[in-house]
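Colleague: I'm new to this one, and I'd like to learn how to read it. Could you walk me through it feature by feature?

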Protein chains: 2
Amino acid sequence: MPSQAQAPPRNVFYAQSGGVTAVINATACGVIETARRHADQLGKVFAGKNGILGALREELFDTSVETDADIGALRHTPGGAFGSCRHKLPPIKDDPRPYTRLIDVFRAHDIGYFFYNGGGDSQDTANKVSALAQQRGYPLVCIGIPKTVDNDLPCTDACPGFGSVAKYVAVAVREAALDVASMSETSTKVFILEVMGRHAGWIAAAGGLAGERPGDAPHLILFPEVPFDQADFLRRVDATVRRIGHCVVVASEGARHADGTFLAESGLRDAFGHAQLGGVAPRLAAMVRDALGHKHHWAVADYLQRSARHIASATDVQQAYAVGEAAVRFALAGQNAVAPVIVREQDEPYRWRIGAVPLARMANVERKLPRAFISSTGYGITAKAHRHLAPLIAGEDYPAYRNGLPDYVRLRNALVKRRLRRYEG
Amino acid sequence: MPSQAQAPPRNVFYAQSGGVTAVINATACGVIETARRHADQLGKVFAGKNGILGALREELFDTSVETDADIGALRHTPGGAFGSCRHKLPPIKDDPRPYTRLIDVFRAHDIGYFFYNGGGDSQDTANKVSALAQQRGYPLVCIGIPKTVDNDLPCTDACPGFGSVAKYVAVAVREAALDVASMSETSTKVFILEVMGRHAGWIAAAGGLAGERPGDAPHLILFPEVPFDQADFLRRVDATVRRIGHCVVVASEGARHADGTFLAESGLRDAFGHAQLGGVAPRLAAMVRDALGHKHHWAVADYLQRSARHIASATDVQQAYAVGEAAVRFALAGQNAVAPVIVREQDEPYRWRIGAVPLARMANVERKLPRAFISSTGYGITAKAHRHLAPLIAGEDYPAYRNGLPDYVRLRNALVKRRLRRYEG
C-alpha cells in the first residue's frame with residue numbers, strides 16, 4: 001500500500017441508522033464540516049441513501065456538491081437528511097454476504113472511513129464491519145456515533161437526540177397542564193400524554209421536569225420500569241382530582257402490566273374483530289372513564305416529539321454536533337472501533353467533554369432508567385433524576401424562520417456513479 | 001347618579017370563557033395594562049375565577065395586587081390565568097336568575113364594565129347582559145372580546161388563538177414529514193396527525209401551509225366541510241405512497257361521513273362492550289392497516305396544540321393583545337355591546353387594524369372554511385387559502401426560558417371579599 005503522504009486522501013462513508021431525531025443532522029453537520037476542514041487528510045464524504053442500505057445498494061450521496069451554507073443548515077434541520085433505515089444486518093456466520101458487499105462498495109469508492117450514526121444495533125454493526133475489514137486486510141477505520149431519543153445507550157451521559165425530546169415533552173407538559181388547570185372546574189379533569197421511549201422510561205421521566213412546586217403537573221408518570229397496577233393508578237388519579245381539581249399523567253409507550261404485556265396491547269377489537277391499534281393514552285383514558293367517570297382528554301405526541309427541532313435543547317444540539325466532529329478527529333488520530341460519547345464532569349453548572357468508548361462496550365446493551373431516578377411511589381422522579389436531566393434540556397437553539405415556518409434545508413443529494421453490479425441482498 | 005367627574009372610577013370585570021388558548025392571557029394583559037394606564041377613568045380590574053362562574057359565585061380576583069411585571073408576563077403565558085369554564089347561561093326567558101345575579105354582583109362591586117373574552121356563546125351572553133342591564137337601569141358597558149382556536153367566529157379576519165395553533169400545526173407537519181420521509185423506505189409509510197377545529201376546517205387547513213413544493217406534505221387533508229369517502233381516501237393514500245414513498249395526512253377531529261356522523265364515532269368496542277373513545281387518527285390508521293397494510297404511525301396533538309405558547313405566532317400575539325387593549329378603548333369611548341375585531345387591509349404585506357362589530361352580529365354564527373379555500377380534490381388548500389392563512393402564522397414571539405423551560409407566570413389570584421350571599425345557581 002502506498003503511504004498516506006503520497007496517496008490521495010481516502011473517502012468517508014457516513015450513514016444514519018434507525019429512528020431519526022431532531023438533531024441527527026447536527027451530527028452529520030459536525031462530520032462533514034470537520035471533514036471539510038481536513039481536506040488534506042480526508043477525501044469526499046459520501047452519505048448512504050437510507051443509511052446502510054445505501055452502502056449495500058451502492059447508492060451514495062456525494063456531499064461534496066453541497067454548499068457550505070446547506071451543510072451548515074443541517075445543524076438546525078430535523079429528520080435524516082440522507083434517509084435512514086431500520087435494517088439489521090444478519091450475524092456474519094449466518095450470512096457474510098452483506099458484510100462482503102459493504103467492503104466491496106467501500107473498496108470501489110476508496111472509502112477508508114466508516115461513520116455509523118445510530119443506536120446499539122449500529123454500534124454493533126460498526127464493530128463487526130471493523131473486525132471483518134481487518135480480517136480481510138482492507139484498511140478501514142470504523143467509528144460509531146451514538147444517537148437515539150430513547151437515551152438507552154450505555155457509556156454516555158446522554159444520547160444525542162434525547163435532550164431535545166426531553167425538552168419537548170417537559171415543555172408540552174408544562175403548557176398543557178396550564179390549559180387543563182384553567183378548565184378543570186367545568187371541563188377536562190384528567191389529561192394523559194403518551195410519550196416515546198420504548199423499554200426505557202427516560203423520555204417519560206423528562207416530563208417530570210415540567211413541575212416546580214408541590215402539586216404541579218405531571219401528577220403521575222407511568223414508566224416501563226414500574227409494573228402498571230391499574231387499581232392503584234386509578235386510585236391515585238381520583239385522589240389527585242379530588243385534591244387539586246385535575247390530574248396530568250405522562251405515560252410511556254412502553255408501560256406494561258406486571259406480567260410483561262404492554263398496556264398498548266389492549267385487547268380492543270373493532271367491528272370486524274381486528275385488534276385495535278396501540279395507544280397507551282387512549283387505553284388509560286378508557287380506564288379513567290369507565291372507573292371514575294371524570295372528563296378526560298389524551299394526546300399522543302408520536303413523531304412530533306422526536307422531530308421537534310423548533311424546540312430543540314441547545315445542549316443536545318451542541319452534543320450532537322460534537323460527537324460528529326469528534327468522530328472525524330478520532331479517525332484522523334488513528335482510533336478505530338470506538339465511539340465518541342458524552343462524559344459528564346459536573347452537574348451544576350453542567351460541564352461535559354467528549355470521551356471515547358470501544359464499540360464492543362456500547363453494542364446491544366440497553367440502559368434503562370435507574371431505580372434511584374424513580375420516586376418511592378413509582379409515579380414520579382427523584383431529585384437525583386431532576387439533577388441529572390435538567391442540564392440536558394438547557395438552552396434554546398431556534399432554527400431560522402421564513403414565512404412563519406422553520407427554514408429547513410433540503411440537500412441536492414446527488415448520487416455517485418455506480419461502479420459495481422447491482423446487489424441482490 | 002353623580003357625574004363621572006365626581007364619582008370614583010367604576011371597576012372592570014373581565015372573564016375568560018370556553019377553551020383557553022396560547023394567547024388568551026395576552027388579551028388579558030392588553031385589558032389590564034390598558035386599564036392601568038387609565039386609572040383616572042377606570043377602577044380596579046376584577047377577573048372572574050373560572051370565567052363567568054366567578055361572577056355568579058362572587059369569586060373575583062383583584063388584579064390590582066399583581067405586579068406590573070406579572071401582568072406583563074401574561075403576554076407570554078398560555079392557558080387561562082384566572083380560569084375559564086364551559087358554562088352557557090340559559091335563555092333569559094327560561095331562567096332570568098343568573099342574569100339578575102350577575103347584575104347584583106356587578107352592583108355590589110361597582111362594576112361598570114364587563115369584558116367577556118370568548119367565542120360565539122360568550123358574545124351572545126355579553127349581548128344579553130348588556131340588554132338586561134339597560135332594561136334594569138343598571139349602567140353597564142359590555143364589550144365582547146373574540147377568542148377561539150377554531151377560528152369560526154364571523155366578522156373578524158382571524159380569531160385570536162387561531163394563528164398560534166395554525167403555526168403549531170404547520171410546524172408539526174413540516175417537521176414530522178421530514179422524519180417520515182427519512183424512514184419510509186423501511187419503516188412508516190403513512191403518518192396521520194389529528195388536529196382540533198370542531199366543525200370548522202381552519203386548523204386542518206393550516207397544516208397545508210407546511211408544504212412549499214409539489215409533493216410536499218401534507219399530502220391529504222381531511223376537512224369537516226368535505227364528506228369523508230373511505231374508498232377514495234384509501235385510494236389516494238396508496239397512490240401517494242406508491243408515487244413518493246410515503247403519505248402524510250392531516251385529519252380534522254370534526255371529519256365526518258356523508259351521513260353526518262363523525263369518524264371519531266368509530267363503533268369500536270372494548271372487551272367489556274364499552275364504546276371506544278374517539279380519535280380520528282387511530283381510526284384512519286386502522287383503515288389504512290386493514291385495507292393497505294402500510295406501516296403507519298399516528299399522533300393526536302390535542303391540548304398540546306392550543307397551549308403551545310412556545311411556538312406562538314407573533315401576529316396572533318399582537319392581535320390578541322390588541323383586542324384586549326381595544327376593548328378598554330371602546331369602553332372609554334362610550335361604545336357598548338360591541339366587540340373589537342381584526343380587519344384585514346391587505347394580504348401582502350399583511351396589514352390589519354382593529355374594527356368594531358355589534359355583539360348581535362357575532363353571536364352564534366359559525367364561520368366554516370370557505371369552499372374556495374379547499375382544492376378541487378377536497379384534500380388540499382388553494383392558493384387563496386394560502387394567501388389568507390400565511391400572514392396569520394407570521395413571526396415568532398418566544399417566551400423567556402428558565403432552566404430550559406418557558407418561564408410562565410402564576411398570578412397571586414387574591415379573591416375580593418364577598419359582599420353578597422352565596423349563589424345557588
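This is a predicted model: local features need pLDDT of at least 70, side-chain atom pairs count only at pLDDT 80 or more; totals for chains, interfaces and linings use all residues.

Colleague: Where is Phe82(B) found?

Modeller: In the loop between helix 3 (68–73) and helix 4 (97–108) of chain B. Helices (H or I, at least four residues) and strands (E, at least two) are DSSP runs, numbered from the N terminus.

Colleague: And which residues does Phe82(B) touch?

Modeller: Two residues are in contact if their C-beta atoms, placed from the backbone, lie within 7 Å. Leaving out residues up to four places away in sequence, Phe82(B) touches Gln16(B), Ala47(B), Gly48(B), Lys49(B), Phe61(B) and Asn413(B). Tyr14(B) is 68 residues from Phe82(B) in sequence, yet their C-alpha atoms are 9.5 Å apart in space.

Colleague: How do I check the length of a helix?

Modeller: The expected span is 1.5 Å times one less than the number of residues. Helix 5 (residues 120–136) of chain A has 17 residues and should span 24 Å, which agrees with its end C-alpha atoms being 24 Å apart. Just after this helix 5 of chain A, Gly137(A) has a positive phi of about 75 degrees.

Colleague: What do the buried residues of helix 5 of chain A pack against?

Modeller: They pack against helix 4 (97–108), strand 4 (111–118), strand 5 (141–146), strand 10 (338–346) and helix 12 (359–362) of chain A. Among those buried residues are Gln123(A), Asp124(A) and Lys128(A).

Colleague: How do you describe two packed helices?

Modeller: By the angle between their axes and the distance between the axes. Here axes are lines fitted to C-alpha atoms, for helices over the stretch in contact, and angles run from 0 to 180 degrees between N-to-C directions. Helix 4 and helix 5 of chain A pack at about 70 degrees, with axes 10 Å apart. That makes helix 4 of chain A roughly perpendicular to helix 5 of chain A, since angles of 65 to 115 degrees get that label, under 35 being roughly parallel, over 145 roughly antiparallel and the rest oblique.

Colleague: Which residues make the contact?

Modeller: Tyr99(A), Leu102(A) and Ile103(A) of helix 4 of chain A meet Lys128(A), Val129(A), Leu132(A), Ala133(A) and Arg136(A) of helix 5 of chain A. By class, the contact has 6 nonpolar, no polar and 2 charged residues. Ala, Val, Leu, Ile, Met, Phe, Trp, Tyr, Cys and Pro count as nonpolar, Asp, Glu, Lys and Arg as charged, and the others, Gly among them, as polar.

Colleague: How many residues of chain A are in contact with chain B?

Modeller: 69 residues of chain A are in contact with 69 residues of chain B. Helix 6 of chain A gives the most to the side of chain A that touches chain B, with 13 residues. That side divides into 36 nonpolar, 20 polar and 13 charged residues.

Terms used:
Residues are numbered from 1 along each chain as its sequence is written. Chains are lettered from A and ligands numbered from 1 in the order in which they are written. A residue is buried if 20 or more other C-beta atoms lie within 10 Å of its own, exposed if 12 or fewer, and partly exposed in between; C-beta atoms are placed from the backbone.
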